[in-house]
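Visitor: I am new to this structure and would like to learn how to read it. Could you show me around?

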Amino acid sequence: MNRGGALCVLVLLLSASARTHAQLPPSTKVPWTRVPPVALVARADDPRIQMSREAVDFWNRTLGEIGTPFRLGAVTHTGALIPEQYLAAVSAAMLDRTAMPPVPESVRQVPADIIIALSDGDFVSFSGRLHSVGKELIGIRTDRTPPLSLPNVTRNVIAHELGHAIGLGHNSDPTKLMCGRPAPCRPADFASNVERFFPLTEGERDALLRMYPQGWPSGR
């Protein structure tokens, strides 16, 4: 199982036994040229809604510290769930590098650039750009079973996937947020009785400033 949980083409494996997470290669991630609003798709009582908001706040604080004007946008919530079957199919397609399933209306109609689907489904979590609709889709698997049921894991998996949505790939340092395949990182490494987000590497902070320089977006 891999640190994070992501969808697309670069694969991170998570799961109680093996797989965990898939993500598009960094080369396919085009930096945002506008502030992307974020939509949380989840049951109204889902505790991961608050974790997701905190993950967005974490990224915006970090981006401010780095010195880039880029930020994640306003966060909204909708209870109009995305079918688990679609999320599982996207996850499988990314892991197997096969054709992606058609984008359903339930995704097309979400009024946001970044969609975080907090699912009860059992699939490999993912983060990937749906270029046909200009949206980033993040699928987060159930938190009712390990390792996402462990304390402090889910919030970091969500933050990890947001890192991919912004444009970062994986590193090999298990003490950092973006550790992932081919390194032997596991989501359970995020476990802690203290709620905290794992940090970025200095190289990742430098990469973000190159992607989103001080003159962003006009300076790009």
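Guide: Gladly! Let us begin with a term: helices (H or I, at least four residues) and strands (E, at least two) are DSSP runs, numbered from the N terminus. Asn156, for instance, lies in helix H4. This is a predicted model, in which local features need pLDDT of at least 70 and side-chain atom pairs count only at pLDDT 80 or more, while totals for chains, interfaces and linings use all residues. Residues are numbered from 1 along each chain as its sequence is written, and side-chain values use heavy atoms, with hydrogens and water left out.

Visitor: How many helices and strands does the protein chain have?

Guide: The protein chain has five helices and seven strands. Along the sequence they follow the pattern β-β-β-α-β-α-α-β-β-β-α-α.

Visitor: Is Asn156 buried or exposed?

Guide: Buried means under 20% relative accessible area, exposed over 50%, and partly exposed in between (1.4 Å probe, protein chains only). Asn156 has a relative accessible area of 0%, so this residue is buried.

Visitor: Which backbone atoms does the side chain of Asn156 reach?

Guide: Here we look for polar contacts: pairs of N or O atoms within 3.5 Å; within protein, one must be able to donate a hydrogen and the other to accept it, and residues adjacent in sequence count only if both atoms are side-chain atoms. The side chain of Asn156 reaches the backbone oxygen of Asn152 at 2.9 Å. A polar atom of that side chain also lies 2.8 Å from the backbone nitrogen of Phe198.

Visitor: And what does Thr175 touch?

Guide: A contact means heavy atoms within 4.5 Å. Not counting residues up to four places away in sequence, Thr175 touches Phe198 and Pro199. Thr175 sits in the loop between H4 and H5, and its relative accessibility is 43%, so Thr175 counts as partly exposed. Its side chain has polar contacts with those of Asp173, at 2.7 Å, and Lys176, at 3.2 Å.

Visitor: Which residues have the most contacts inside the largest nonpolar core?

Guide: In soluble globular proteins, nonpolar side chains tend to be buried together. A nonpolar core is a set of buried Ala, Val, Leu, Ile, Met, Phe, Trp, Tyr and Cys residues joined through side-chain atoms within 4.5 Å. The largest one here has 38 residues, and those with the most contacts inside it are Trp59, Leu72, Ile114, Ile116, Leu162, Leu177 and Leu208. Among the elements that give two or more residues to this core are helix H1 (48-66), strand E5 (114-118) and helix H5 (202-211). Apart from it lies another core, of 17 residues, including Tyr86 and Phe123.

Visitor: At what angle do the axes of H1 and H5 cross?

Guide: Axes are lines fitted to C-alpha atoms, for helices over the stretch in contact, and angles run from 0 to 180 degrees between N-to-C directions. The axes of H1 and H5 come within 10 Å and cross at roughly 80 degrees. That makes H1 roughly perpendicular to H5 (a label for angles of 65 to 115 degrees). Trp59, Thr62, Leu63, Glu65 and Ile66 of H1 make the contact with Arg205, Leu208 and Leu209 of H5.

Visitor: Which residues form a disulfide?

Guide: A disulfide is a covalent bond between the sulfur atoms of two cysteines. The rule used is a pair of cysteine sulfur atoms within 2.5 Å, and the count comes to one disulfide. Cys179 and Cys185 form it, with their sulfur atoms 1.6 Å apart. Cys179 is buried at 0% relative accessible area, and Cys185 counts as buried at 2%.

Conventions. Angles under 35 degrees count as roughly parallel, over 145 as roughly antiparallel, 65 to 115 as roughly perpendicular and the rest as oblique.
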